[in-house]
Amino acid sequence: MKLVFLLTGALLGAALAPLGSTSIAVAIPLISQQLDVSPTLVTQMLVGGYLFVCIVGQGPGGRLADTIGTTRTLYLGLTIFVLGTLLGYLVADLLALTVSRMAMALGTALVSPATQSLLRTRMPVSMLSVAFEIGRAHV
């Protein structure tokens with residue numbers, strides 16, 4: 001049962017990156033209209049910026065997991081992601097919304113390598129290929 005929870009948590013954590021970068025797409029026209037900013041600029045800042053920070057941050061995120069531990073890194077990433085989400089809910093300008101998206105991306109960048117490391121170290125070797133295949137299909 002413990003392995004089921006580990007795999008479920010890992011898959012939910014792995015879903016942060018693709019969902020965080022694509023789920024905002026449906027809101028871009030409304031955000032653009034509300035902030036009186038072009039949709040192109042909104043897309044560049046909120047989607048492009050998110051992907052950039054997420055990709056660039058994964059290397060240091062993995063190093064951090066090696067330094068302070070995977071569980072701490074996972075919780076730190078989730079905390080940063082939640083704080084970024086709350087900030088995005090509270091702000092009303094493009095710069096602040098971009099900062100909130102960058103925080104969400106940083107949290108995702110920490111969660112991703114920590115999740116992979118947790119799977120590698122806590123799953124039985126016989127189940128690793130299944131776990132990573134499920135994770136790849138899920139994302």
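This is a predicted model: local features need pLDDT of at least 70, side-chain atom pairs count only at pLDDT 80 or more; totals for chains, interfaces and linings use all residues.
Figure 1. Going along the sequence, you read the pattern α-α-α-α-α-α-α. Of the 139 residues, 40% count as buried. The chain exposes about 8,100 Å², and carbon and sulfur atoms supply 70% of that area. As for contacts with a separation of 6 or more, residues 24 or more positions apart account for 72% of them.

**Figure 2. Helix α5 against helix α6.** Two packed helices are described by the angle between their axes and the distance between the axes. Here we have α5, residues 70-90, and α6, residues 94-122. Their axes come within 7 Å and cross at roughly 155°. An angle over 145 degrees counts as roughly antiparallel, so that is how α5 lies to α6. The crossing of α5 past α6 is left-handed. Sort the residues of this contact by type and you get 16 nonpolar, twelve polar and one charged.

**Figure 3. Helix α4 against helix α6.** Now look at α4, residues 39-68, together with α6. The axes of this pair come within 7 Å and cross at roughly 30°. Since angles under 35 degrees count as roughly parallel, α4 is roughly parallel to α6. This time the crossing is right-handed. The contact of α4 with α6 is made up of 17 nonpolar residues, eight polar ones and one charged.

Figure 4. Thr73 sits in helix α5. Is Thr73 buried or exposed? Its relative accessibility is 0%, and buried means under 20%, so Thr73 counts as buried. And which residues does Thr73 touch, leaving aside those up to four places away in sequence? The list is Gly61, Leu64, Ala65, Ile68, Leu110 and Ala114.

**Figure 5. Asp36, out in a loop.** Where is Asp36 found? Look in the loop between α3 (28-35) and α4 (39-68). The backbone is worth a glance here: phi of Asp36 is near 55°, a positive value in a residue other than glycine. Asp36 has a relative accessible area of 71%, and exposed means over 50%, so Asp36 is exposed.

Terms used
Residues are numbered from 1 along each chain as its sequence is written. Side-chain values use heavy atoms; hydrogens and water are left out. Helices (H or I, at least four residues) and strands (E, at least two) are DSSP runs, numbered from the N terminus. Buried means under 20% relative accessible area, exposed over 50%, partly exposed in between (1.4 Å probe, protein chains only). Contact means heavy atoms within 4.5 Å. Accessible areas come from the Shrake-Rupley method with a 1.4 Å probe; for residues, only the protein chains shown count as cover. Axes are lines fitted to C-alpha atoms, for helices over the stretch in contact, and angles run from 0 to 180 degrees between N-to-C directions. Angles under 35 degrees count as roughly parallel, over 145 as roughly antiparallel, 65 to 115 as roughly perpendicular and the rest as oblique. A crossing is left-handed if the near helix is turned anticlockwise from the far one by less than a right angle, and right-handed if clockwise. Ala, Val, Leu, Ile, Met, Phe, Trp, Tyr, Cys and Pro count as nonpolar, Asp, Glu, Lys and Arg as charged, and the others, Gly among them, as polar.
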